[in-house]
Amino acid sequence: MTQDNSSTLTKTKLPDGRCIAHMNASETWLIYDEIFKEQIYDRGGVKLHDGATVIDVGGNIGLFLLYATDRYKKLRVLSFEPIPQTFRVLSENRKLIEGDHEIQLINAGIWRDSTQKTFRHLPRFSCSSTMCPDDSPEQQERALNFTLNAFLQHPNRWLTRSFTMLPRFLRIAVAKASMRYHAKSQSISCRLMSPNDVFEQFEIERVDYFKLDAEGAEIDILESISEDQMARIEQIAVETHHGDETMQRVERILRDAGFTTQVSFSRSSPEDKMVYGTRRGQHEIRDDRSHLGDDVSVPETDPGGIEY
């Protein structure tokens with residue numbers, strides 16, 4: 001890890017040798033593994049292609065943007081990131097992109113209306129910053145499971161081995177201490193744009209790939225996209241939050257809009273299901289878990305994918 005003196009941004013080196021700006025090492029490697037190693041945005045029947053128009057809601061520090069532009073040519077990408085501090089890092093990493101791409105970075109989030117809303121920003125875990133905080137006991141339990149799992153998936157194998165040797169009560173204590181550290185938050189007022197304003201302002205006629213990671217706001221965003229605008233979206237990948245009920249609602253919204261849906265998840269976040277929608281083939285719901293080993297335990301879904 002290095003400190004960029006010219007911009008006061010902390011940087012780290014990726015396996016390919018590039019130095020990227022980031023917020024903190026733990027979340028950077030977690031997201032890197034999800035996107036580059038597990039390829040969570042190339043699953044469930046969705047696939048980017050050369051010349052695609054991409055809407056990236058929840059750009060964070062730009063790892064998805066790097067992944068997409070590394071692999072495909074002549075993309076048009078609109079990347080939305082509402083948190084100013086995170087947007088600064090995203091803008092720095094934009095400089096690493098080569099090739100004939102049209103990249104637009106927008107310091108705003110997406111919401112039902114164009115407005116300002118207060119976000120709970122987590123500087124020590126920026127990818128969980130949200131305008132829809134959930135402090136329920138159920139969410140706290142999901143967060144604990146996520147943290148326990150994150151220690152098991154950590155790239156530092158010595159740390160992982162040491163953690164697994166602890167008795168369970170100590171593993172829980174360590175996980176809760178980590179949660180308290182990463183829970184330090186700030187209240188920040190952020191700009192939001194409605195889907196209607198996005199489609200009109202940026203003159204979007206077709207969206208080849210819509211990536212949505214809005215930390216709990218996914219239902220409100222999807223329900224605010226008009227029928228005409230939804231018809232312009234060919235493929236969509238949604239990370240769902242706050243439990244399986246949200247995942248099921250996202251499935252229903254997408255299926256009602258004419259998408260074929262599939263469900264998957266990453267090793268690092270098995271409880272935050274990914275829902276993928278495509279407009280190819282017959283309507284079917286499949287639970288895409290074949291890429292995962294037997295060491296990941298998650299609830300089983302009904303073959304219909306609607307009810308548990």
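Does Asn 60 count as buried or exposed, and at what relative accessibility? At 12% relative accessibility, Asn 60 counts as buried. The term buried denotes under 20% relative accessible area, exposed over 50%, and partly exposed the range in between (1.4 Å probe, protein chains only).

The model is predicted: local features need pLDDT of at least 70, side-chain atom pairs count only at pLDDT 80 or more, and totals for chains, interfaces and linings use all residues. Residues are numbered from 1 along each chain as its sequence is written, and side-chain values use heavy atoms, with hydrogens and water left out.

The chain holds 10 helices and 14 strands. Both kinds of element are DSSP runs numbered from the N terminus (helices H or I, at least four residues; strands E, at least two). Of the 308 residues in the chain, 53% are buried. The accessible surface of the chain is about 14,400 Å², and carbon and sulfur atoms account for 48% of that area. Accessible areas come from the Shrake-Rupley method with a 1.4 Å probe; for residues, only the protein chains shown count as cover. Contacts (heavy atoms within 4.5 Å) were also sorted by separation in sequence. Among those between residues at least 6 apart, 71% join residues at least 24 apart.

Three strands form an open sheet of mixed pairing, in the order E7-E9-E8. Strands E7 (109-110) and E8 (115-121) stand at the edges with a single partner strand each, so one side of each lacks a neighbour in the sheet. Two strands pair if DSSP finds at least two bridges between them. E8 and E9 (residues 186-193) are antiparallel and share seven bridges. Within E9, Ser 187 stands opposite Arg 120, and Cys 190 is the bridge partner of Lys 117. E7 and E9 pair in the parallel sense over two bridges. Here Gly 109 has Leu 192 of E9 as its bridge partner. Helix H3 (residues 84-94) lies across E8 and E9 and runs at about 65 degrees to E9. Axes are lines fitted to C-alpha atoms, for helices over the stretch in contact, and angles run from 0 to 180 degrees between N-to-C directions.

A helix pair was examined next. Helix H1 (residues 25-37) packs with H2 at an angle of about 35 degrees, and their axes are 10 Å apart. H1 passes H2 in a right-handed crossing. A crossing is right-handed if the near helix is turned clockwise from the far one by less than a right angle, and left-handed if anticlockwise. From H1, Thr 28, Ile 31, Tyr 32, Ile 35 and Phe 36 meet residues of H2 that include Leu 63, Phe 64 and Tyr 67. The residues of this contact comprise eight nonpolar, one polar and two charged. H2 is largely enclosed by the rest of the structure, because seven of its nine residues are buried. Among them are Leu 65, Ala 68 and Thr 69.

Two residues other than glycine have positive phi values. Asn 60 has phi near 50 degrees. Asn 60 is found in the loop between strand E4 (53-57) and helix H2 (63-71). Glu 203 has a positive phi of about 50 degrees. Glu 203 lies in the loop between helix H7 (195-201) and strand E10 (209-212). Asn 60 is buried at 12%, whereas Glu 203 is exposed, with a relative accessible area of 64%.

Key:
Ala, Val, Leu, Ile, Met, Phe, Trp, Tyr, Cys and Pro count as nonpolar, Asp, Glu, Lys and Arg as charged, and the others, Gly among them, as polar.
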